[in-house]
Structure formats: structure tokens, C-alpha cells
Amino acid sequence: MRARPVSPSLLVEELADLIADRPRDAWVRVAVDGAPAAGPGRLADDLVEPLRLRGREVLRVPAAGFLRPASLRLEFGRTDPDVFHDEWLDVGGLVREVLGPLEPGRTGRVLPSLWDSERDRATRADYVTLKPGGVVLVDGALLLGRGLPFDMTVHLSMSAAALARRTPQEERWTLPAYERYEHESVPLRAADVAVRVEDPRHPAIISL
């Protein structure tokens, strides 16, 4: 495994170039995958303007807007790492409302969020229609290895020690889920682009 250090700004520019180079007559569904401590939402936010400057319409879709209702997520308690790994994300809802409508020949009509997990009710968000060539950026944790139909995947990787240091005490119960994810989904190999972010100020692009 080789690591090429880059600045955060160069990382954004290189990723924006890769995404914008995709065919302009088709939608581009991009996963920005990583534990919260790795900052996938921050990277997705940083990609929006560079992609627009490259002529791409962009829609941000945090995976947190597609968690399952509390009655399903927390059926076996609030701190079960296996349920967190397997059941928290509404995979069917994400495909139905976001990724499926961006398949070739489909409508491009996307729902940016489905469920407000804090209030535990539907968000009642409005649908958005992306023109062909538009980009949807889906950020969140544990996105790979689920058969989700992304066109490009970016994984933000941290060592177990760095992840433990940067994970708040109240969320440390999730750490076994990320360990399992590393072993079962092998996101470093599954992703189109893997980025080491031991220190988010000093990322490195990984080549295997």
C-alpha cells in the first residue's frame, strides 16, 4: 500500500476532476464513505462548489436522512454495534428515492431526505429533479459492501487507533461496527478512491 500525501484543497480538486470527467449525458452517483470522525460530510460539502464550477449540477444527500425509524433501529437497544452495522441505514429507501431514479432512462426525480432521526418522523422534504449530468453526493458511514448502485465511491480511512481517539466517548460503542466493516467490506479495496485521514489536515491518497 502506497500513500501520496496531498493538501485538503488538492484532494478536493482531484476528486472534482474525477467526478466531472464522467460522461455529461448521465447522472453521477457518488458515495463519500467514512466514519463521522473522518469527516465525509465535510468533504462532500467541499466538493459542491468545485463541481458547479466545472459545469455540474450538484445535490447533497446525507445518508443520515435515510436512517430507519427508531422502533427498528433501537429494537435491541441503543448501543448494539451489529444492529448499527446491519440495520440503521434504510438501504431500500436510499435506492428507491435517490439512487434508482438516477439510473439511465429514469426520471432524475430525487428525494434529498426521508426520515428525521432526531425527531423520529418523516422529513417531508420536497422532491428535486436533477438534469442528466447532475451529481448526487451521498455522504455517510458503512455505505460500501451493500450493493448500492453508486457510479463512484470515495472511502475516508482511519486506523483503529486514530478512529478511537477521534470518536466522542458517547459514540465509542460504534467502534466494533467499524472494525467489522473493515474486515467484511474491506472498503480500502472496494472504493474507487481511498484516502487516509489520520489527520484531516494531512490526507493521503492510497494506492494498493
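Predicted model: local features only at pLDDT ≥ 70, side-chain atom pairs only at ≥ 80, totals over all residues.
On the α1 side, the contact is made by Leu 11, Val 12, Glu 13, Leu 15, Ala 16, Ile 19 and Ala 20, which meet Leu 43, Asp 46, Leu 47, Pro 50 and Leu 51 of α2. By residue class, this contact holds ten nonpolar residues, no polar ones and two charged ones.

Several of these names return in the largest nonpolar core, which has 45 residues. Within that core, the members touching the most others are Ile 19, Leu 43, Leu 47, Leu 51 and Leu 137. Helix α1 gives the most to this core, with six residues. A second, separate core has 20 residues, including Leu 89, Leu 114, Leu 148 and Phe 150.

Leu 137 deserves a look of its own. With neighbours within four places in sequence left aside, Leu 137 is in contact with Ile 19, Val 30, Ala 44, Leu 47, Val 48, Leu 51, Val 58, Leu 59, Arg 60 and Val 61.

Turning to a loop, Ser 159 lies between β9 (152–157) and α6 (160–166). Ser 159 counts as buried because its relative accessibility is 18%, where the cut-off is under 20%. Apart from neighbours within four places in sequence, Ser 159 is in contact with Arg 196 and Glu 198.

Definitions and conventions. Residues numbered from 1 in each chain as written. Heavy atoms only, no water. Contact = heavy atoms within 4.5 Å. Helix = DSSP H or I, 4+ residues; strand = E, 2+ residues; numbered from the N terminus. Nonpolar A, V, L, I, M, F, W, Y, C, P; charged D, E, K, R; others polar. Core = buried A, V, L, I, M, F, W, Y, C linked by side-chain atoms within 4.5 Å. Buried < 20%, exposed > 50% of the residue type's maximum accessible area, 1.4 Å probe, protein only.
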